Amino acid sequence: MKELEQIRTMYQHKNKDIHNLDTWNEVKNLFLGKNGYVTSCMKEIKNLDPKDRKSFGEAVNQLKNEITVLLDKKKVELENLEIEEKIKSMPRLDLTIPTQEECGSLHPVTIVQQKLIDVFRSMGFAVEDGNEIETEYNNFEAVNIPKHHPARDMQDTFYLNNGQLLKTHTSASQNRIMKKYGAPLKVIFPGRCFRNEELDASHENTFFQMEGMMIDKDVSISNLIYFMKTMLSEVFGKEVNVRLRPGFFPFVEPGFELDCSCPYCGGKGCKVCKQSGWIELCPCGMIHPNVLTMGGINPEEYQGFAFGLGLSRLVMMTYGIDDIRHLNGKDLKVLEQTKVK
Ligand code: DAH
């Protein structure tokens, strides 16, 4: 009986040392395990004097029950503690932190393109969407660039296994649009173009153009000059002048480079126009009779002008972006500056 009392006292001490499930298991084994103190006492019962067996047996059982209850209680405590620790270590969702509402915005190319579309629509032009994957015929042959023509060298691109290619210029849509509308027509067709380029600040493998055509019975270079001048004045928000210089493109005859008086310095000379007062913006010309014929339009009856505005260039100029790669890049700082608030 004295021994039982010692075991009880010993357990009370040990109970305080239980801080986790490992020590809980150790203590449980120490007292209730196969060779534990309490278990050993139980094994002793059979060796006792028969008259002492009952009372000793009852006392051992009582001790065993006491210890079991205390161990169970301790286990529940430990488990609760573990849950609390887990909750404490979990990231907290603080609903009181003010949220930062970062809204996206249209891409600068989209913004300028939309502006151009608005201007041309107001002048009676329809808007068409061109394909990005084109046939060799549409991209080259139909705009008077037959196989082995040296102009193909300047427009190397990415070819697909089926012989089609990623269009190198929006002019690739001319033929399809002529066939769709017939003459007379007034259409613009913005689009993404691709070339196999060495990349640098002014060359990208993916860039944007905005092409336009007007075909009718009495279309002349004067119409071309009028529409380009009106369009550019609208885009820059001030009256600009334009001038034509000769330029060669197989699909126009005559062909021109159209320059716009620098909208930033008014023609006096600045960084944007490289002190010349003029900005080279838009190749154009009178549509070549071969191109009209291939588009199903009789060149004896109709004439027309076409232009291929470098949309990416215009965007860069508008926003003062000095590297074309930013337009397809992921630098949010650039996009942040062009954001429409
Ligand atoms: N397609 C030409 C290019 O990407 C640009 C161009 C020149 C388009 C003259 C035209 C044009 O419509 O008349 O280099």
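Me: Which residues line the second largest pocket, and how many of them are nonpolar?

Reply: Keep in mind that this is a predicted model. The second largest pocket is lined by E102, C103, G104, S105, L106, H107, L332, L335, E336, T338 and K339. Sorted by type, that lining has 3 charged residues and 4 polar ones, and the nonpolar ones number 4.

Me: How much space lies in the second largest pocket?

Reply: This is the pocket with E102 and K339 among its lining residues. The space in the second largest pocket comes to about 180 Å³.

Me: Is N139 buried or exposed, and why?

Reply: Start with where to look: N139 sits in helix α6, residues 136-139. Buried means under 20% relative accessible area. The relative accessibility of N139 is 0%, so N139 counts as buried.

Me: Which side chain joins that of N139 in a polar contact of 3.0 Å?

Reply: Leaving aside neighbours within four places in sequence, N139 is in contact with L165, K167, T168, H169 and A172. From that list, the side chain joined to N139 by a polar contact of 3.0 Å belongs to T168.

Me: Which element supplies the largest share of the largest nonpolar core?

Reply: This core has 48 residues, and L116, M231, L232, L281, F305 and F307 touch the most other members. Several elements supply at least two residues each, including α5 (108-122), β4 (185-194), α8 (221-236) and β9 (303-310). The largest share, 7 residues, comes from α8.

Me: How many residues are in the other core, the one with M178 and Y302?

Reply: This core lies apart from the largest one, and its members include M178, I215, I297 and Y302. Its total is 21 residues.

Me: N144 has a positive phi; is N144 buried or exposed?

Reply: N144 is found in the loop between α6 and β3 (165-166). Its phi is near 65°, positive even though N144 isn't a glycine. With a relative accessible area of 16%, N144 is buried.

Me: And K274, with its positive phi: buried or exposed?

Reply: Look in the loop between β7 and β8 for K274. Its phi is about 50°, and K274 is not a glycine either. Exposed means over 50% relative accessible area. K274 has 73% relative accessibility, so K274 counts as exposed.

Technical notes: Residues are numbered from 1 along each chain as its sequence is written. This is a predicted model: local features need pLDDT of at least 70, side-chain atom pairs count only at pLDDT 80 or more; totals for chains, interfaces and linings use all residues. Side-chain values use heavy atoms; hydrogens and water are left out. Helices (H or I, at least four residues) and strands (E, at least two) are DSSP runs, numbered from the N terminus. Buried means under 20% relative accessible area, exposed over 50%, partly exposed in between (1.4 Å probe, protein chains only). A polar contact is a pair of N or O atoms within 3.5 Å; within protein, one must be able to donate a hydrogen and the other to accept it, and residues adjacent in sequence count only if both atoms are side-chain atoms. Contact means heavy atoms within 4.5 Å. On a 1 Å grid over the protein atoms alone, a cavity is a set of points where a 1.4 Å probe fits but cannot get out, and a pocket is an open set with protein on both sides within 12 Å along at least five of seven lines; lining residues have an atom within 4 Å of a point. Grid points are joined across faces, edges and corners, and a volume is the space filled by probe spheres set on the points. Ala, Val, Leu, Ile, Met, Phe, Trp, Tyr, Cys and Pro count as nonpolar, Asp, Glu, Lys and Arg as charged, and the others, Gly among them, as polar. A nonpolar core is a set of buried Ala, Val, Leu, Ile, Met, Phe, Trp, Tyr and Cys residues joined through side-chain atoms within 4.5 Å.
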